[in-house]
Amino acid sequence: MQESQSGARGAALAAGTEGVPSRDARPDETLSGLTAPTVLSPRDQQELLSCVNTARSEGLALVVTGGGTAMDAANPPRALDLLLSTRGLGGRVDARPNDMVVTIGAGATLTELNRALAASGQRLPLDPPLAGQATLGGLVAADTTCSSSAGFGCFRDMVLGLNAIDGSGRELTVGGQVVKNVAGYDLVRLLAGSKGSLAIITQLTLRTFPRPVAALTLQYRLADTAAAVAARASLLDSELSPVMMDLLQDGGKDSSGSSPDNDHERPLLLLRIEGGNSELDYQQARLRELLGCAPFARSDNPPDHHDTLHQDWLLRLRAISMPGQALAFADRVATLVKAGGSYQLLTHLCSGETVIGLEPRPPVAAGQAPTSGRSPGEMAALLAELRQAAFDYKARVVVEQAPAELYELVDCWHGRPAGLGLMRQLKKRFDPVGILSPGRLAGGL
Amino acid sequence: MDTGLPCIHCGLCLHSCPTYRELGSEADSPRGRIYLMEAIEAGEQEFDAPARAHLEGCLSCKACETACPSGVDFSARMDKFRPRLAAAHRLAPGRRAALLVTRFPLLLKIAARTARLLDLLGLERLRRLLPGLGLMPGRKRKLRASGLTIGSPGKRSSGLRVALLQGCVGNAVAPGITRDAREVLERNGIAVVDVAGQGCCGALYAHSGDRERAAELASHNVRLLDAAGLDHVVTTVAGCGAFMREYDSLLAHDNLLSGAAQRLAGATRDVSELLVEAGFDPPMHPLTDIGPVAYHDACHLLHGCSVAEQPRIITRAAVGREPLELAESELCCGSAGSYNLEQPSMAARLGRRKAAALGASEASVLAVGNVGCILQIEMHARRAGIDAELLHPVELLARAYREGPSPAAASSRLSKIRRR
Amino acid sequence: MSNPPLDAGLVTRLRRMLGEEGLLTGEAALRVYECDGYTLEKARPSLVLLPATTQEMSRSVELLHKAGIAFVPRGAGTGVSGGCLPADIPVMIGTSRMQRIRRVDIDNRRVEVEAGVVNLDVTRLVESDGLHYAPDPSSQAACTIGGNVAENSGGPHTLKYGVTVNHLLGLELVLPDGEVLQLSREAGSGGFDLAGVVTGSEGTLGIITSATLALVKTPQAVATMLAVFPGVLEASRAVSAIIAAGLVPAALEMMDALVIEAVEAAYGFGFPADAGAVLIIELDGLAAALDEQCVQVTEACNEQGASEIRRADDPRERALLWKSRKRAFGAMGRLSPSYCTQDGVVPRSALPQIVERIGEIGRRYKLRIANIMHAGDGNIHPLLLYDENDPEEVARVLDAGRDILLACLELGGSVTGEHGIGIEKTELMPASFGPATLAAMADLREVFNPRALCNPHKILPSDRHCVEVTRPRPRGGG
């Protein structure tokens, strides 16, 4: 094993995880501003179990990582001794297209899964950011919101069953392999969205769906937010159900949004429609009627706006509100952030979530330091201001990505969830020693 | 008596039951009542006052039979049990009075006129709170039908000969409905013959557990009406119509009359049912100016006779638009024959519930195909300060005919409305 | 069996709070709570509480908790696995008087209703806005939302639309100690999905007093098709063929010859007398898509030997077809004095195998077994016909039912798709899950319900299972 791990605990870890590939963390492999000394990459359930058992007996704090796309979207852990990568738990894909079900290792990425399913005409229709990097285990653990959640729901809705190892070293097989199953307590619900703080997901059985005959991304440039509100209303009231209904808004001085028509001050409505050819024709014609204009861009490919939002901004927040309030709150957010520089807002019109990109990442090629960014103190003040404003909209604002210093100043979570007492007890039951991401969740969970 | 298929305890009837909806107690649901009856019959459950109260709470509205997937004949089970209920304690004073009054319609007429007098003195709000008198029809309901007749039938004739069941309570308190029904039928070429000597249909007795007396009354009517050579017997009161359709099973063991009873049961029609079946002329001038109109299903029409569409067709034709539906329209109003005399507290709760639904609908006219419901809903609407007019669909149709030009002109230009 | 009487002081306090209509005592009122739709076992509560508000519920539960008295929640009592059987549970708490609609929020596509509101009434509330509540269990005209959440109910349309948990946005839950929690399933809470965990927990984690439900757009067009097959095997293969064609029907239901016979006797839809099996296939979505999809369905069915394919375009015909299907359980009374419904799941592609296995089991135990299936979901409902006056046959029914469920597990399925474990199937849990997973489930329950006062002895096998087992009686479901 590696030399960087020092002291008795390091030795014990090395002994307990003999044979498990390990390495030092890369400098960019941080989570919420911290760096783990060691990264372990177990290749199967047994190796993972030995890692967990060692951590348990030695009291080592670990954070599970998949593709590393959501590592900053939680508070820093109270302690961090190692990073446990599930990337090695990809393995065999067992696709059963006639059952519309697939079983796959948690370390596989969504792109890998969909590539494997393509041959049988199936797919998992969600489109999280950075799908080529994010692992399925991570996506389920984070219950990442997608643009196509408008049409297909969340990751948690896709999970039929899973295997996991909890913090006490129990190997759990929960849910099942069939699309309908109410046998016993649904531990899938407990683990989906628990962000690796109760158990480590090793394998998933997921619902799949047939690939559509055709699909189209349509982009509309709207006059202003009022037009966006009207567009949302008429889409909801219509017979149409686009699988994606996103609104993208760029703003602030020195706007850097990469808009194809150089008209980025105005909101961009992104819709994706699917179906047979005649269905697509009908939908396009109806959209023209409903929105009163033709799309300025049309493409077979899904858009990449969600990806770029993840890559282009140093500070990324997420506002969660009722869908009907989302655009009003986004407007309020815009007025509060625009003085501080450029920004980008992506509102999922169906779920009511708005991703807020602030502090543009300097272009790597230019190699220059950011010219005029907010200081961590200013960011914290802005966050407080946004959260105060959120009160009027019954919204919440959480931090998904930020410069390291900000994590010392703010709580990534906005308020405490109801039932925190129960959650703490659940945490004790499933992770009695507190080795899994201690303190990452709300209320020190 | 055949009580049909066994109850499988699925519970699908629960939400259809008005008393369960009000109380939320399983013993006041159809499934609970069947369970109790079976336990009592098996000697497992004492037939005590609480058990009796749960069973007596049943409105006999038959909504549970519509809801039941298994074809359980709840009414048959209940009717079979009613003699035990009646034997277990003396008939409540209310029901006794009601039964008595059915033999002396004059008493009802006097009550109706007293009520009218009080109303003329401006005391309707007070009068509505009185027992008995509260139920009597209000000012708007003419005791005597309008002097205006609709006019002689058009040239054509349907060739049908029918008798109108005179009924007992209905005819006494709302003679206008019977009169309007007659004129509307004649207006559409259906000959209405008078069959003198008709009596009560017997439903009230059967529902009180006195099946013998009910059978006596039924026999009388069967003899009388079967001999009259009619195509149909037409009712304007849902409860009578539903019960007459059961004459065949009631008199099944009567060797002399079973055939006639079967014929009569098959020939019984609600007035709206017959009009739609035989075809009727839509009025030239539908009542488009009378404000929002709603239709409410009388239980014994909907659940007892499966007549839901026809009164709506009549109402639609009379008012020239689709009638509104009340919320919880499938729920009994609490009238239920003499239930509102027997179980005044539950009847009042259901009446208030129905009045509230009527108020929420903002209808200014509510069409209901049963006089009992009309009186009950009207009383509770007045008490709640809701000023909607309660009318039988056939009254609405008659009014529309009267307000239009003469039928000769109308019938030549308008095609008949028939059931699709 | 009866539970022991309760302390009079406690009853007085509860009565003072709940009023006469909120507290039921006496033999007649309590007797009827002996069982729900599952009539195989019976137990009578000593007291039934019917609180009308969350506050009354919370106070009642708190008093019982302080007194250490076990209680069981009950919705409409339409469950078919004995989930609300008061076995060794003195107090039953019904939600039937909690019927308020708290919020109808069309703009946000959601409603908040109290636990006692009936499933179908939610859709009635919003259908004029072009919306509906998607989960549609066969008992939807009577079953309550509280019960639906507790059972994670499905229905014929879950194939496309998912089950209750997929439409749940939040819950109000009274914990077993009386504390009231408002649980949201919104993203970004930084906690666990407790509302999701409570869904399907069969009333063992607390009492649900209200739920916030997502509403779904009512499709522009619906095509309901009926395909007739010579036998169940052909129909099962057609199900796979339809899925293989890339279609996701809104519903895909199967009935076999025995069921068709009963349904025809009850509702007279006009199924062919010689049909070995029928599929009801419902497609929905944009009108522009349906004709093409109907052609695909027709081709798939024809390839598998369908003798007749009909499309029910008339809404009345469609309604009658669905009535025939949804009320098929009730109609079975016309074929047999008693029957017992089982509920199991297999992978959809294993339908032909399970059908063969059920046939074998029927022959082995000399029983007539009818089959209704949510075929699209692989959810089977074998109906075991018997005569309850034949105790030896009753025993065979119980054994055959267990064998069918074990066969489902062997084929990679589950012992229950929608009826729940309740008290009926606790003994099958060890066959379904390993000891570690069962221990984790027990942990979960202990966290919510540490003193085991809220609906004990359900879901997980327990050392005591002391109820009076009577003869099986007919029951519905699905």
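This is a predicted model: local features need pLDDT of at least 70, side-chain atom pairs count only at pLDDT 80 or more; totals for chains, interfaces and linings use all residues.

Biologist: How much area is buried between chain B and chain C?

Modeller: About 2,900 Å², with carbon and sulfur atoms giving 49% of that. On the chain B side, B:I8, B:H15 and B:Y35 supply 22% of the area buried against chain C, more than any other three residues.

Biologist: Which chains share the most contacts?

Modeller: Chains A and C do, out of the 2 pairs of chains in contact.

Biologist: And chain A with chain B, how far apart are their nearest C-alpha atoms?

Modeller: Those are 20 Å apart, and chain A and chain B do not touch.

Biologist: OK, switching to domains. What does chain B look like there?

Modeller: The domain assignment gives chain B a domain 1 at 14–89 and a domain 2 at 281–413. Their C-alpha centres lie 29 Å apart.

Biologist: How many residues of domain 1 of chain B are in contact with domain 2 of chain B?

Modeller: 16 residues of domain 1 of chain B, and they contact 16 residues of domain 2 of chain B. The buried area there is about 1,400 Å², and carbon and sulfur atoms give 58% of it. For domain 1 of chain B, B:R21, B:E22 and B:L59 supply 43% of what it buries against domain 2, more than any other three residues.

Biologist: How is chain A divided?

Modeller: Into domain 1 (7–87 + 431–444), domain 2 (88–210) and domain 3 (217–362 + 371–409). Domain 2 and domain 3 of chain A have C-alpha centres 27 Å apart. Between them, 13 residues of domain 2 of chain A are in contact with 16 residues of domain 3 of chain A. That pairing buries about 1,000 Å², 56% of it from carbon and sulfur atoms.

Biologist: Now helices. In chain B, what angle do helix 18 and helix 22 make?

Modeller: About 25°, with the axes 8 Å apart; helix 18 of chain B is residues 309–319 and helix 22 of chain B is residues 393–403. Angles under 35 degrees count as roughly parallel, so helix 18 and helix 22 of chain B are roughly parallel to each other. The crossing is left-handed.

Biologist: Which residues meet there?

Modeller: From helix 18 of chain B you have B:P311, B:I314, B:T315, B:A318 and B:V319, and from helix 22 of chain B you have B:P393, B:L396, B:L397 and B:A400. By class, that contact of helix 18 with helix 22 of chain B has 8 nonpolar, 1 polar and no charged residues.

Biologist: What about helix 10 of chain B against helix 22 of chain B?

Modeller: Helix 10 of chain B (residues 175–187) packs on helix 22 of chain B at about 60°, with axes 9 Å apart. That makes helix 10 of chain B oblique to helix 22 of chain B. The contact includes B:D180, B:E183 and B:R187 from helix 10 of chain B, plus B:E395 and B:R402 from helix 22 of chain B. In all, the contact of helix 10 with helix 22 of chain B divides into 7 nonpolar, 1 polar and 5 charged residues.

Biologist: Last one: in chain C, are helix 1 and helix 3 roughly parallel or roughly antiparallel?

Modeller: Roughly antiparallel. The axes of helix 1 (residues 8–18) and helix 3 (residues 54–67) of chain C cross at roughly 175° and come within 10 Å.

Conventions: Residues are numbered from 1 along each chain as its sequence is written. Chains are lettered from A and ligands numbered from 1 in the order in which they are written. Side-chain values use heavy atoms; hydrogens and water are left out. Axes are lines fitted to C-alpha atoms, for helices over the stretch in contact, and angles run from 0 to 180 degrees between N-to-C directions. Helices (H or I, at least four residues) and strands (E, at least two) are DSSP runs, numbered from the N terminus. Angles under 35 degrees count as roughly parallel, over 145 as roughly antiparallel, 65 to 115 as roughly perpendicular and the rest as oblique. A crossing is left-handed if the near helix is turned anticlockwise from the far one by less than a right angle, and right-handed if clockwise. Contact means heavy atoms within 4.5 Å. Ala, Val, Leu, Ile, Met, Phe, Trp, Tyr, Cys and Pro count as nonpolar, Asp, Glu, Lys and Arg as charged, and the others, Gly among them, as polar. Domain bounds come from an automatic or database domain assignment. Buried area is the accessible area (1.4 Å probe) that two parts lose on being put together, summed over both.
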